[in-house]
Structure formats: structure tokens, C-alpha cells
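Please keep the model open while you read this note.

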Amino acid sequence: TNVEPSMMREVMACARIGDASRARELNAQLELLHRRLFLQSNPIPVKWALERMGRAGPGIRPPLTYLEPEFHTPLQEAMDVAGLL
């Protein structure tokens, strides 16, 4: 699941037109987020992030579980680095 589709679209657009420098710059902004979205089984961190961004409501359907509290701060930090909050 893509937490920030507009930035990913821009990364791909830059890559397609040959603006590798800008594509790398944008990708670097998202790199930590991409790694931390897998701190726990996908899509649990994605759903947590989308809720924090106001793009999804609280609650999940079984068999999913909630994001473990130990991962809240690392994922929040990654979202801040990516400029999502």
C-alpha cells in the first residue's frame, strides 16, 4: 500500500523524464518511511500511518492486529522525515 502516492508519482515522473537527481532526492525523503513501514507485518504499519494522516478511520478487521506500541515512535519519525505530518 502506498502511504504517499503523490510523492511516489513525482519520483516516477522524474525518473521517466531523466531527472535522476530529483528522483533520487525525493526517494531519499521516502527511504526511511519505506523501511519502517515493514517494522511489523504489512499492512499493519500502513493502516496506522494512514490513520495518523487522517486518511483512514480507527479500527482494523481481523485477522490484523494493531501496530505494536514499540513501533509508534520510529514510524512517526519516518513520517516526519517524509513530510507527511
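1. Start with L84. Leaving aside residues up to four places away in sequence, L84 touches V3, E4, L33, M53 and M79. Contact here means heavy atoms within 4.5 Å.

2. A word on the basis. This is a predicted model, so local features need pLDDT of at least 70 and side-chain atom pairs count only at pLDDT 80 or more, while totals for chains, interfaces and linings use all residues. Residues are numbered from 1 along each chain as its sequence is written, and side-chain values use heavy atoms, with hydrogens and water left out.

3. L84 returns in the largest nonpolar core. That core has 24 residues, and V3, L30, L33, L37, L75, M79 and L84 touch the most other members. The elements giving two or more residues to this core are α1 (5-16), α2, α3 and α4. A nonpolar core is a set of buried Ala, Val, Leu, Ile, Met, Phe, Trp, Tyr and Cys residues joined through side-chain atoms within 4.5 Å. Helices are DSSP runs (H or I, at least four residues), numbered from the N terminus.

4. Now α3. Its buried residues are I44, P45, V46, W48, A49 and L50. Buried means under 20% relative accessible area, exposed over 50%, with partly exposed in between (1.4 Å probe, protein chains only). The cover over the buried residues of α3 includes α2 (20-36) and α4 (72-81).

5. Check Q40, in the loop between α2 and α3. Q40 counts as buried because its relative accessibility is 13%. Its side chain reaches the backbone oxygen of Y66 at 3.3 Å and the backbone nitrogen of E68 at 2.8 Å. Not counting residues up to four places away in sequence, Q40 touches P45, T65, Y66, L67, E68 and F71.

6. Is G54 buried or exposed? At 64% relative accessibility, G54 counts as exposed. G54 follows α3 and has a positive phi, near 80°.

7. Last, the largest pocket, with a volume of about 250 Å³. Of its 18 lining residues, K47, W48, E51, G59 and I60 are the closest to its centre. Helix α3 (residues 44-52) gives the largest share of the lining, six residues. A pocket is an open set of points on a 1 Å grid over the protein atoms alone, where a 1.4 Å probe fits, with protein on both sides within 12 Å along at least five of seven lines; lining residues have an atom within 4 Å of a point. The volume is the space filled by probe spheres set on the points.

Terms used
A polar contact is a pair of N or O atoms within 3.5 Å; within protein, one must be able to donate a hydrogen and the other to accept it, and residues adjacent in sequence count only if both atoms are side-chain atoms.
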